[in-house]
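Me: I have a new model open here. Can you walk me through it? I'll ask as I go.
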Amino acid sequence: MPVPSIGIATQLYILPGFPGHLVALLSKIWLLILPITWLLFIDKENFKFEYPKIRDLLAGVGLGLLMLGIMLIVYWLLGAI
């Protein structure tokens with residue numbers, strides 16, 4: 001879906017200022033509304049919410065720390081370019 005790219009391009013290059021911000025905001029709202037609409041009216045399913053398991057949270061924290069470590073190492077190796 002090119003909607004986020006179109007929103008940002010409009011905000012930065014095509015319509016700088018308030019109109020561009022409005023287009024970018026509407027593109028972000030589109031990203032939220034379209035899947036919800038599809039779920040409710042096309043798939044005809046209800047919302048389901050489940051709390052994450054401890055194992056899933058630990059995996060997320062572990063992967064996040066791994067990515068942070070990689071970013072810090074790359075920044076340290078390349079410096080502030």
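Me: In what order do the elements of the protein run from the N terminus on?
Reply: They run α-α-α. This is a predicted model, by the way. The secondary structure comes to three helices and zero strands.

Me: Compact globule or more spread out?
Reply: More spread out. The C-alpha atoms fill a box of roughly 45 × 40 × 20 Å along the principal axes.

Me: What share of the residues is buried?
Reply: Buried residues make up 7% of the 81.

Me: And the surface, how much of it belongs to carbon and sulfur?
Reply: 76% of the accessible surface. The total comes to about 7400 Å².

Me: Back to the prediction. What does the protein average in pLDDT?
Reply: The average is 90, and 96% of the residues score at least 70.

Me: Which elements have the lowest and the highest mean?
Reply: Helix α1 has the lowest, at 89. Helix α3, residues 54-78, has the highest, at 96.

Me: Let's zoom in. Where is Thr 10?
Reply: Thr 10 is in helix α1, which covers residues 3-14.

Me: Buried or exposed?
Reply: Thr 10 is buried. Its relative accessible area is 8%, and the cut-off for buried is under 20%.

Me: What does Thr 10 touch, leaving out residues up to four places away in sequence?
Reply: Leu 15, Pro 16, Gly 20 and Val 23.

Me: Now Ser 27. Which helix is that one in?
Reply: Ser 27 lies in helix α2, residues 18-42.

Me: Why does Ser 27 count as buried?
Reply: Because its relative accessibility is 7%, and buried means under 20%.

Me: Which residues does Ser 27 touch, with those up to four places away not counted?
Reply: Val 3 and Gly 7. Both numbers fall within the 3-14 range of α1.

Me: What about Pro 2, where does that lie?
Reply: Pro 2 lies in the segment before α1. Pro 2 is exposed, with a relative accessible area of 52%.

Me: How far is Pro 2 from Ser 27, C-alpha to C-alpha?
Reply: The two C-alpha atoms are separated by 9.6 Å. Along the chain, Pro 2 and Ser 27 are 25 residues apart.

Me: Last topic, charges. How many positive and negative ones are there?
Reply: There are 5 positive and 4 negative charges. Their mean positions are 3 Å apart.

Terms used. Residues are numbered from 1 along each chain as its sequence is written. This is a predicted model: local features need pLDDT of at least 70, side-chain atom pairs count only at pLDDT 80 or more; totals for chains, interfaces and linings use all residues. Side-chain values use heavy atoms; hydrogens and water are left out. Helices (H or I, at least four residues) and strands (E, at least two) are DSSP runs, numbered from the N terminus. Buried means under 20% relative accessible area, exposed over 50%, partly exposed in between (1.4 Å probe, protein chains only). Contact means heavy atoms within 4.5 Å. pLDDT is the predictor's confidence in each residue, from 0 to 100. The radius of gyration is taken over C-alpha atoms; the globule rule is 2.2 Å times the number of residues to the power 0.38. Accessible areas come from the Shrake-Rupley method with a 1.4 Å probe; for residues, only the protein chains shown count as cover. Lys and Arg count as positive and Asp and Glu as negative; His and the chain ends are not counted. The place of a charge is taken as NZ of Lys, CZ of Arg, CG of Asp or CD of Glu.
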